[in-house]
Every structure is written in C-alpha cells, then in structure tokens.
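Student: Hi! I've got a new protein model open and I'd like to go through it with you. Can we start with the pockets?

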Amino acid sequence: MKQIKIQGGNILSGTINISGAKNSAVALVPASLLSDEEVKIDNIPNISDIDALNEILEYLGADVKRDGSLMTINSRNIHNKEIPETISKKLRASYYFMSSLLGKYKHVEMYFPGGCSIGARPIDQTLKTFRALGATVIEDGNKFTIDADRLIGTTIELDMPSVGATINTLLVAARAEGETILKNAAKEPEIVSVATFLNQMGAKIIGAGTSEIHIEGVDYLGSCFTEVIPDRIEAGTYLIAGALIGENLTIKNMIPEHISSLTSKLKEAGFKMNIGRDYITISKSDNLKPIKIKTLGYPGFPTDLQQPITTLLTQIEGSSSLEETIYENRFQNVPYLNQMGANIEIRNRTIVVKGKTKLVGTAVEATDLRAGACLVLAGLIAEGETTIKEIKHVLRGYENIIEKLESVGAKIKLEEV
Ligand code: EPU
C-alpha cells in the first residue's frame, strides 16, 4: 500500500505547471478506437487511470505507443471481445468503450464501470441513449450485452446534464445513420474537447459546450492529432493550496476561464489574484470572509473542487457552507478533517464549516480521489506530520503530485508500506 507523509507549515512559492485533464484524456483514449487510422494524442497525463485504459486498448488488440505525454493509438486490427470486469471496474471512464465499440461494431459486451465511490452513479442515461438509437440492451447482473442491427439518429433529451452520458452519446452517434440531437447535454470543457477530437477525425458535431448538440453520423473516421486541454480541477486544487499557504504561487499552463467559478468564490472570500492568459498567481491572505458554495454543472462550481475547497473553508473566520448537489456521498473527507481539528457539521447534502480552526497532523485515509486531494491540502497547513493512507486514489488523478508540491516548497514524500 502506498501512503504519503506531509510535514505541514511550509510556504509554497514558485510555479506549478498543470498537466493534461484527466477527465478529457480518459474520454479521448477510448474515443480513438472509433478511428480506423493512427491517432496521436499529446499532453496525456501520467496517471493510473490512463494506464487502465491503455490496458483495455491493448487487450482488444490495439497498437499503443507511449512516449512521454504523447500517445499513439492504432485500432485498425482490434478484436471486439468482452472486456473483463477486473479491468473495467478500475475506473468510471471504462464505459466510454461501450459506446465506441457499439458505434463501430454495433455490438459490445462489458461490465458496469468502476470509479470513485461517491454515490450510486447509475448509467441509465447512457443506456437510454443506446436504446433511443435502436440498440437492444440485455442486463445480466453487472454485465451488459448491447446489440444493434442499425443505429439510427434521433432526438434524445437527458434527464440530467450527465457528463458521461453526453460523451457516450457523442461517441456512439458519431457512427450512427443520420442526425442525433442531444438536448440537456452537459457543457463541461471536456465535452468540447471530445467533440473537437471526433471532428478532427471526420465527425460532424456542432453545439458541444451548449446544452443542445447536433451529431451527424459518418461512415468512416480517420487519423488525427490532438492535445489534451489543461486539467481545470488540478489547477483549482493547486490554486487552493496557494490560497492556504502560498506566497506568490503561480499555477501555469491552465485556462483561467475554466475555473472562474472558483476564482470568483476566492475573490468573494477576500483573495487577490493576478490572473493572466494562462496562469494565476495567488498568496495566502488574512481577514477572509465566510462564503457559501453550491456545486453545479459547468460553468457552475465543480463538484470535483468541493472537497479540496473544504480545507480552505476551515481557515476562514465565521461560518461557511457548501451544498453538494451532484453526488449523495461526497463528504467522506469531513470526518478526517474533523479528526485533524476542523469544526464541520454535515446537514444532509450541505456542510457547515465553522472557522478558523487549527489543523493538526494525524493519520487519515483518502476514501476517493478528491477527498484525498482535500487531505493533502490539509496536511500542507497542519501542525506536524500528516499520513495519508490509500493514496492510490490520488495517484489516479494527479500527475506527479509529490514532485509538483515538493518543487514549490512542500515537505512531502511517498512511502510503500
Ligand atoms: N447520473 C445518473 N444517471 C446517469 C448518469 C449520471 O443518475 O446515467 C447522475 C450521477 O449519479 C450524478 C450526476 O448524474 O449524480 C452527474 O453525473 P455525471 O454523469 O455528470 O458524472 P460522470 O460522467 O460519472 C464525470 C467525471 C467526474 C465528475 C462528474 C461531474 C469523468 C471520468 N468523471 O463523472 O469526475 O465529478 O463528471 O462533473 O469524467 C473526479 O474527477 O473526481 C470525478 C468524479
């Protein structure tokens, strides 16, 4: 088991470069399978979620080369066979293979995907899309066998703007016959990146980034090159680190607009930032004001940053609140923060954080990816040493987190126990 140890209280200053976005890359890699030619994707983050997708591609017989952050994938000779549950349950994004295989071969067999345990996370909206396009879905326990004689474009309205269901619809409808109109689509930048990638291969998608997307199916998708967009959640996490204990900490190679919901909350709390074209510089600050946060789909405040920002709320004088509207079980970080000295009460889907409280290092556990990020941030400001167990969850989503934090002054080390 891997764990990290952090000696708290060290000022962070210098520059952290942001990697490619996990939630874009984990969709682009399965999307590449729709092409019958070589596809190159650069700025792929070196995280274990990508390794798991790489494993699925190779299992299916794709030719995959990785050279630093460049991934070259050729899926011309793949065999469409059942993807074992042992691999698909490693991550949520494995189910993007469902739609790319269904789109390409009109048949797919695979299991319910994995992912962080932060709520029930059903896949009914994706299955609804498959059925609307003409596929038959047979569910046998955890296993799904999906077949279609033909996939025919139609109008689909999602019950909620699901990121995964929107991406799955893009993937499968790109190879359907005729036009698919997706209403109530999610608008996250990662969706725009997938649509752009597919269009570069020859797809005809317009409207990605708005709530109505039009996808005109095509028979053939060819070669292309793309670069993964910067990870807005990684950028946001380090920006919060700078707000906690930074002195001119610069977060670079990012798109500030992608986290404007975070920067506006930081401004409301009293932080001053220097926001440039592809960077933000921040320092810790006194005399902060309590804030109210509610998670929403893009461009609202991202659920993936609510656990990280909870650490910051513990350092603001007064009572702040945070309502989680996307997931029903995303407060598993709270008992650990309280164990470190925070005063946080969970009231149904809202937490009330009373600050300012001193945090003291102790042994805690990362229950999921962003809970782990929250505890890393807590460890950076805590008195003494914080040990974070089950750090594998954090390594699934943050490239070189130890090296990046060390390079700006943190005392942090990874241990195998
Ligand atoms: N939902 C359904 N049915 C569906 C799909 C979703 O009820 O068929 C519900 C979910 O249970 C949830 C809400 O709709 O309550 C939103 O789920 P969504 O489908 O948008 O989430 P996702 O695609 O499973 C992606 C990211 C998550 C991120 C969410 C929201 C990936 C691989 N994962 O998940 O990222 O929290 O969008 O932005 O892209 C993370 O990076 O830590 C992470 C969990």
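Student: Which residues lie nearest the centre of the second largest pocket?

Tutor: Good place to begin, and keep in mind that this is a predicted model. Nearest the centre of that pocket are Leu-244, Ser-285, Asp-286, Gln-315 and Lys-356, out of 18 lining residues.

Student: What's the volume of the second largest pocket?

Tutor: The space in the second largest pocket comes to about 360 Å³.

Student: And which helix gives the most to its lining?

Tutor: That's α8, with three residues in the lining of the second largest pocket. By class, this lining has nine nonpolar, four polar and five charged residues.

Student: You mentioned Lys-356. Where does Lys-356 sit in the chain?

Tutor: Look in the loop between β20 (350-355) and β21 (363-365). The peptide bond between Gly-355 and Lys-356 is cis, with omega about 0°.

Student: OK, new topic. Where does the ligand sit?

Tutor: You'll find the ligand in the largest pocket. That pocket has a volume of about 1200 Å³.

Student: How many residues line the largest pocket?

Tutor: The count is 48, and Arg-121, Val-163, Gly-164, Ile-326 and Tyr-327 are the ones nearest the centre. Sorted by class, the lining of the largest pocket includes 23 nonpolar, eleven polar and 14 charged residues.

Student: Which helices supply at least two residues of that lining?

Tutor: Those are α1, α5, α6, α8 and α12.

Student: Now the ligand itself. Which residues come nearest to it?

Tutor: There are 21 residues around the ligand, and Ser-162, Val-163, Asp-304, Ile-326 and Arg-370 come nearest.

Student: What classes do the residues of that shell divide into?

Tutor: Nine of the shell residues are nonpolar, five are polar and seven are charged.

Student: Which helix gives the most to the shell?

Tutor: It's α1, which contributes three residues to the shell around the ligand. At least two shell residues come from each of α1 (22-31), α5 (124-132), α6 (163-173) and α12 (369-381).

Student: Val-163 keeps coming up. How far is a polar backbone atom of Val-163 from an oxygen atom of the ligand?

Tutor: The distance is 2.7 Å. A backbone N or O atom of Pro-122 also lies 3.3 Å from an oxygen atom of the ligand. From Asn-23, a polar side-chain atom lies 3.1 Å from a ligand oxygen atom.

Student: How much of the ligand's exposed area does the protein bury?

Tutor: Taken alone, the ligand exposes 840 Å², and the protein buries 90% of that.

Student: Last one, about backbone angles. What is phi of Asn-184?

Tutor: Phi there is near 60°, a positive value in a residue other than glycine. To find Asn-184, go to the loop between β10 (179-183) and α7 (189-201).

Conventions
Residues numbered from 1 in each chain as written. Predicted model: local features only at pLDDT ≥ 70, side-chain atom pairs only at ≥ 80, totals over all residues. Heavy atoms only, no water. Near = heavy atom within 4 Å. Polar contact = N/O pair within 3.5 Å; in protein donor to acceptor, adjacent residues only side chain to side chain. Areas by Shrake-Rupley, 256 points an atom, 1.4 Å probe, with all protein chains shown as cover. 1 Å grid on protein atoms, 1.4 Å probe; cavity = no way out; pocket = protein on both sides within 12 Å on 5 of 7 lines; lining within 4 Å. Sits in = over half its atoms within 2 Å of the grid points. Helix = DSSP H or I, 4+ residues; strand = E, 2+ residues; numbered from the N terminus. Nonpolar A, V, L, I, M, F, W, Y, C, P; charged D, E, K, R; others polar. Points joined across faces, edges and corners; volume = space filled by probe spheres on them.
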